[in-house]
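Can you walk me through the links between side chains in this protein? I'd like to see which residues pair up and where they sit.

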Amino acid sequence: MTVPIRRGLLLAALVTLIALATIAVGRARSAARGARASAAGAITIGPGAAGTPVDPGFVGVSFEQTALETYAGKNPDALNPVFVQLLRSLSPRDAVVRIGGDSTDWSWYGVPGSKHPQWVRYTLTPSWMAIAHALATAVSGRLILGVNFEADSAAIARAEADAMVKDIGTKEIDALELGNEPELYGSFNWYRTPAHVGVLGRPSGWDFSEYRQQFGTIAKTLPDVRLAGPSTGSLLWSQSLGSFLAANRKVAVATLHRYPTQRCVSTTHVSAAQLLSQSSSDGLADSVAPYVKTANGFGDPLRLDELNAVSCGGEQGLSNTFATSLWALDAMFALARVGVSGVNFHTTPNSVNQLFSFKQAGGQWAGQVSPLYYGLLMFAQAAPAGSRLLQVAGPRSEPLRVWAARTPTGQTHVVVINTGASGAAAVTLRIPGGSRSGFVERLTAPGLAATGGITLGGMSFGASTHTGTLAGTPRLTTVAAQGSTPTYSLSVPAASAAMLTLG
C-alpha cells in the first residue's frame with residue numbers, strides 16, 4: 001500500500017476490525033502458552049508434519065508499477081544485479097514478484113485513437129514491458145501484474161493485458177490482477193479535474209455484488225491467461241471470496257492484502273510490542289485461514305500478495321527497525337502453518353516500509369538493505385520450497401516463539417525467536433531421531449530498535465552492498481546432543497533468533 005490519503009482512512013477502519021478479530025485469538029493463545037510455561041520438560045519437535053509443504057516462491061516481493069525502473073534499472077539488457085540477487089536469495093527458483101498496488105489504477109498502456117485520460121499518472125511503455133520480461137527471466141520466476149480496473153473500461157484493460165502477454169510473455173506471467181483494493185473506489189477520489197474537483201472511481205455506495213459483476217464483464221475480454229483477485233484488504237469483502245471465485249473461474253490465484261498494524265491517522269502510533277504480539281503473527285494467520293480453505297475448495301491457492309508490518313506508509317522508528325525482522329520471521333511461519341501459498345512484502349522507494357534502496361554511479365549499482373529483509377532471508381533458509389512444518393509441543397511462553405521444519409533434503413531446522421526487549425531465554429529442545437550434533441545460526445542486532453548492526457550467521461549486508469549477498473565470515477556454533485533422545489540446549493538473547501540445523 002502506498003501513502004496516498006485516499007487509501008488511508010478506510011484502511012484504518014479495516015485494520016481496526018482485523019485487530020478486534022485477531023486480538024482475542026492472540027490473547028487466548030498467550031493464555032494457553034502461559035499456562036504451559038510452568039510445566040517441566042523440554043520442547044519436543046515432530047516428528048509429525050503440520051500443514052502442507054511450503055510452496056515454491058513462498059517469499060516474494062511486491063512493488064508499484066512506478067518503481068520497476070527504480071529497482072531494476074532502465075536497461076533490460078543490464079538489470080540492477082544487486083536487486084536481482086536480493087530477489088533470488090529469497091526464492092532461488094520460481095520466484096513470484098507482484099508489480100501492482102495503487103499505481104495499477106493510475107496507469108495505462110494507451111488505446112489507439114483515445115485521448116490521454118485526466119486520471120493517468122503513469123504510462124506503461126514497450127520499454128517497461130521489456131524490463132519486466134527481463135526481470136522475470138533473471139529471477140527464474142513469474143509475475144503478478146496489475147491491470148487497470150478503476151477506469152471501468154474493457155478497452156483500457158485489454159490494451160494493457162495484450163501488451164503484457166505480447167511483450168512479457170505468458171511463461172513469465174503468473175497472473176494478471178484486475179485492479180487494486182476495489183473496495184475503496186466509491187469512497188475516495190480517484191483523481192481531480194483541472195478545476196480541482198474530486199472524481200470517484202465508482203459511485204458512492206458501490207458494493208461487492210457490483211464489483212463481482214463488473215470484474216466478470218471485463219475479465220471476459222482479456223487474453224486467455226490466469227487472473228488474480230479480488231486484491232482486497234477489506235475484511236468485509238474478504239468474506240465474499242467464495243462467491244467471487246464461483247462467479248469468476250478465470251481467477252486462478254486468490255489474493256488478499258494484510259497489514260497487522262496500522263498508522264493511517266496522524267495521532268495513531270504503533271509500538272514494537274504491538275507488532276511483536278501474537279495477534280500480529282498467529283492472529284494474522286488465523287484470520288486468513290478460513291479464506292485459504294475457501295480458495296482451496298475451488299482448487300486455487302490463496303496468496304497475500306501485499307503484506308508489510310505497518311500500513312499507510314509505515315511508522316518511522318518501527319518499520320525501519322529490527323523489530324520488523326523478527327515479526328516477519330514469526331509471521332511467515334504462522335502463515336505457512338495455515339496453508340497460505342505465499343506472501344509478497346510490499347516495498348515502496350523512499351519510504352520507511354522499503355526493503356531496500358539502490359544507487360547507480362559509474363555504471364555500478366550499490367544497495368542498502370533494510371532490517372526487515374533479514375527476517376525474510378532467515379525464513380527462506382529455514383523453510384525452502386517443499387519443506388514441511390513440524391509439530392512443536394511443550395512449555396513455551398511469551399516472548400518466545402518456536403517453529404520447526406524438515407527440508408526436502410532431510411535437514412531439520414528449529415527456529416527460536418526471542419521477541420523480548422531484554423533477558424536471554426534458556427531453551428531445551430528434544431528432537432526424536434535427531435543427529436548427535438548440529439549447528440546454530442543466529443539473527444542478531446543491537447536491539448529491537450536497531451536500524452543497523454544486524455547480522456545473520458555472523459554476516460551482514462553492511463551499510464552498502466555491491467553484490468546483494470551477505471558479506472563476512474560465517475559464524476556458526478556447534479551444539480552436541482545429550483541423552484538417549486537427542487536433546488539440545490540453547491541460549492537465545494533478547495531481540496534475536498536462533499536456528500538449529502540437524503542432518
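Let's start with charged pairs: searching the whole structure turns up 15 salt bridges. To count as one, a side-chain nitrogen of Lys or Arg has to be within 4 Å of a carboxyl oxygen of Asp or Glu. Keep in mind that this is a predicted model, where local features need pLDDT of at least 70, side-chain atom pairs count only at pLDDT 80 or more, and totals for chains, interfaces and linings use all residues. Residues are numbered from 1 along each chain as its sequence is written, and side-chain values use heavy atoms, with hydrogens and water left out.

One of the salt bridges joins the side chains of lysine 166 and aspartate 167, at 3.3 Å from N to O. How much of each partner can be reached from outside? Here we use relative accessible area: buried is under 20%, exposed is over 50%, and partly exposed is in between (1.4 Å probe, protein chains only). Lysine 166 comes out at 69%, so it is exposed, while aspartate 167 has 24% and is therefore partly exposed.

Now look at aspartate 174 and arginine 226, whose side chains also meet in a salt bridge, 3.3 Å from N to O. This pair links distant parts of the chain, 52 residues apart: aspartate 174 is in strand β7 (residues 173–178), and arginine 226 is in the loop between α6 (208–219) and β10 (227–232). Those labels come from DSSP runs numbered from the N terminus, with helices (H or I) having at least four residues and strands (E) at least two. Aspartate 174 is buried because its relative accessible area is 11%, and arginine 226, at 35%, is partly exposed.

Next, find arginine 401 and glutamate 398, which form a salt bridge with their closest N and O atoms 3.0 Å apart.

The partners are cysteine 264 and cysteine 312, with their sulfur atoms 1.8 Å apart. Cysteine 264 sits in the loop between β11 (251–258) and α9 (272–275), and cysteine 312 in the loop between β12 (302–307) and α11 (322–337), so the pair ties together parts 48 residues apart in sequence. The torsion about their S-S bond is about 80°, which is why the disulfide is right-handed. Both cysteine 264 and cysteine 312 are buried.

Key: Disulfide = S-S within 2.5 Å.
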